[in-house]
Amino acid sequence: MRKANWPVILADQIEAARSKPFAYGSHDCATWSFDVRNDLTGGENPADQWRGRYTTELGCARAMRKLGWSDVEDMGRKLLGDPIAPLMAQRGDILLADGAFGICLGSEGAFIGKNGIVAKSLRECVMAWRV
């Protein structure tokens, strides 16, 4: 269940991410998206399983295999359950597009890229999960 002030938390997380440099294992697409999810809901953060365990794209792939995930779609299903259609996603939900996790902002999602936040249409997304 989302916290009562989740819209403010979401806005703060988006603003903070704008000035934070990309870093595998600490501020990448999956770590950021799951951190946002955790900030919106509380509880245990799945990102703690991989945070700091890799510093490169290859290291990320190795960490995923060690954690039992064949790819990001498998990771999403195992951590978040059955996905919904991306066009059904609402603000704050987790999205998946082009092998990257992001957060729904309405008609588009915010994704952490190597050069900052990247916006993608929900039509570009292949999966989504309720938060």
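Because the model is predicted, local features need pLDDT of at least 70 and side-chain atom pairs count only at pLDDT 80 or more, while totals for chains, interfaces and linings use all residues. Residues are numbered from 1 along each chain as its sequence is written, and side-chain values use heavy atoms, with hydrogens and water left out.

Rings of Phe, Tyr and Trp (for Trp, the six-membered ring) are taken as a pair if their centres lie within 6.5 Å, and the planes count as stacked when under 30 degrees apart, edge-to-face when over 60 and tilted for the rest. Five aromatic pairs turn up by this rule. One of them joins Phe 34 and Trp 50 edge-to-face, at 5.4 Å centre to centre and 90° between the planes. Phe 34 belongs to helix H2 (residues 29-41) and Trp 50 to the loop between H2 and H3, 16 residues apart; helices (H or I, at least four residues) and strands (E, at least two) are DSSP runs numbered from the N terminus. Phe 34 is buried at 0% relative accessibility, and Trp 50 is buried at 3%. Here buried means under 20% relative accessible area, exposed means over 50% and partly exposed is in between (1.4 Å probe, protein chains only).

Phe 101 and Trp 129 make a tilted pair, 6.1 Å centre to centre with 45° between the planes. Phe 101 sits in strand S2 (residues 100-104) and Trp 129 in strand S5 (residues 127-129), so this pair ties together parts 28 residues apart in sequence. Ring pairs link Phe 34, Trp 50, Trp 69, Phe 101 and Trp 129 into a cluster.

A charge also sits over a ring: the charged end of Arg 2 lies over Trp 6, 4.3 Å from the ring centre. The rule asks for NZ of Lys or CZ of Arg within 6 Å of the ring centre and within 35 degrees of the ring normal.

Helix H3 (residues 57-66) has Gly 59, Cys 60, Ala 63 and Met 64 buried. These residues span an arc of only 140° around the axis, so they fall on the same side of H3; the arc is taken from the directions from the helix axis to the C-beta atoms. Arg 65 and Lys 66, on the other side of H3, are exposed.

As for cysteines, zero disulfides (pairs of cysteine sulfur atoms within 2.5 Å) are found in the whole structure. The sulfur of Cys 29 is 7.1 Å from its closest cysteine sulfur, in Cys 60, too far for a bond.
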